[in-house]
Amino acid sequence: MVETTQVVNEGTSKELSDQEVFNQGLLDFIDASPTPFHATQTMAQQLLAAGFVELLEGEQWALENGKKYFVTRNFSSLIAFVYSPDLFVNEGIRMMGAHTDSPCLRVKPNPEKTAQGYFQLGVEVYGGALLSTWFDRDLSLAGRVNYLDKQQQLRSSLVNFKDPIAVIPSLAIHLNREANEANNINKQKHLPPILMQVKDKKNIDFKDWLHAQLELQGETDVAKVMDYELSFYDTQPSAIIGLQKEFIAASRLDNLLSCYVGLQSLINADSDKPALLICTDHEEVGSASACGAQGPMLEHCLQRMIPDTEQRLRAIDRSLMISVDNAHGIHPNYADKHDENHGPLLNKGAVIKINSNQRYATNSETSSFFRQLCDSNNVTPQVFVTRSDMGCGSTIGPITASEVGVKTIDVGVPTFAMHSIRELAGTQDAFDLSRVLTSFFQQ
Ligand SMILES: [Zn+2]
């Protein structure tokens with residue numbers, strides 16, 4: 001123990017390893033991306049810096065052989081690709097998918113509430129949030145605001161209050177003696193965060209605040225705030241923790257970790273092989289939207305990349321989608337929640353996710369390909385199948401496979417506390433998966 005601690009302390013003066021640099025980039029990416037809109041913006045900035053060219057869905061695409069492009073939809077989903085038309089039909093496209101959204105609390109349309117002199121905002125639960133973890137956190141607010149400018153044109157802008165401005169205090173145990181036995185949280189009554197104390201019940205208009213926040217962020221042309229999509233988030237920064245620094249603690253690891261792994265792999269591959277990264281919104285609520293994985297965004301993009309139907313279908317047949325979304329690591333305090341032979345461990349490799357009822361799209365052919373890919377990068381994959389007496393989660397893999405007909409495998413790094421406001425992953429796994437996926441995009 002002592003030796004390990006010394007090594008860690010010495011680490012502050014030594015040069016950072018590739019893995020440490022990668023993990024620091026991951027923490028920065030998560031902290032800069034409190035919402036799917038911010039995640040998409042952050043990814044777009046990194047792609048532009050890496051030489052990718054932005055395409056607009058409403059404009060004509062004049063694609064050039066060997067160039068790299070990206071396109072966004074709803075500013076919350078993104079596709080980046082390497083355009084190598086000469087190779088599409090013979091080689092197919094190396095695809096990777098992830099999702100930009102995470103469970104959270106969204107501000108309601110008419111959110112203002114006061115009770116006992118406290119000003120609160122009404123919230124809707126987005127996705128399957130682990131609600132107890134949202135209590136006693138220093139919360140901030142971020143998302144998209146749509147407004148009329150002074151020329152009466154509709155515009156939108158991202159806002160991020162950044163400061164901790166709200167909190168959902170727990171009820172003291174003295175007032176709820178059963179709190180540790182049955183934590184029943186009423187989504188309507190118990191979740192509205194408190195933002196401040198107010199002297200009287202005068203009307204407070206939340207949109208006026210947004211107007212002021214936009215001006216604070218430099219938008220001087222705002223005439224009237226029309227609407228918004230805003231969610232609360234935890235202001236505690238992401239961190240590397242553990243006695244030997246072996247864990248990553250952060251919000252939204254599901255699934256910004258996978259978005260970041262995909263983004264870095266595609267950029268670092270620096271290859272002219274046909275490759276595509278898709279990161280879509282709305283996975284946590286079923287993916288059925290114009291910009292979700294069940295929508296037509298990928299199909300539309302493929303149609304424009306390969307307009308000839310015959311060639312496109314041949315290319316899809318030779319393509320493979322690696323769908324990356326986090327897996328459940330076996331928890332030492334709840335080990336009986338896993339099948340005894342399928343309990344993935346943190347820091348022991350990416351997890352191949354299998355479900356014979358097609359909650360995951362993996363089959364023996366695609367998993368064999370992935371195992372070979374891992375072998376060639378000295379990574380040993382783990383495998384997850386849910387207990388036979390428990391239901392199984394799902395992800396974008398089966399949805400994409402159903403929509404596009406592309407061969408797909410579902411994988412992901414093992415994590416704890418999925419859908420908590422603060423999740424936990426290993427410091428080794430994301431980096432190792434990025435090495436595997438970089439070689440996938442290159443081969
Ligand atoms: Zn997920």
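A residue counts as buried under 20% relative accessible area, as exposed over 50%, and as partly exposed in between (1.4 Å probe, protein chains only). The structure is a predicted model, in which local features need pLDDT of at least 70 and side-chain atom pairs count only at pLDDT 80 or more, while totals for chains, interfaces and linings use all residues. Residues are numbered from 1 along each chain as its sequence is written, and side-chain values use heavy atoms, with hydrogens and water left out.

The zinc ion has as protein donors His-99 (NE2), Asp-254 (OD), Asp-325 (OD) and Asp-325 (OD), at 1.9 to 2.6 Å. Donors are N, O and S atoms within 2.8 Å of the metal (3.2 Å for Na, K and Ca); water is not among the atoms, so sites may look incomplete. Along the chain the donors follow the spacing H-x154-D-x70-D. Asp-254 belongs to helix α6 (residues 253-269) and Asp-325 to the loop between β14 (320-324) and β15 (327-328), so the pair ties together parts 71 residues apart in sequence. Helices (H or I, at least four residues) and strands (E, at least two) are DSSP runs, numbered from the N terminus. Asp-325 is buried, its relative accessible area being 4%, and Asp-254 is also buried, at 2%.

Arg-318 is located in the loop between α8 (309-317) and β14. With a relative accessible area of 44%, Arg-318 is partly exposed. Leaving aside residues up to four places away in sequence, Arg-318 touches Val-89, Asn-90, Glu-91, Gly-92 and Ile-93, where contact means heavy atoms within 4.5 Å.
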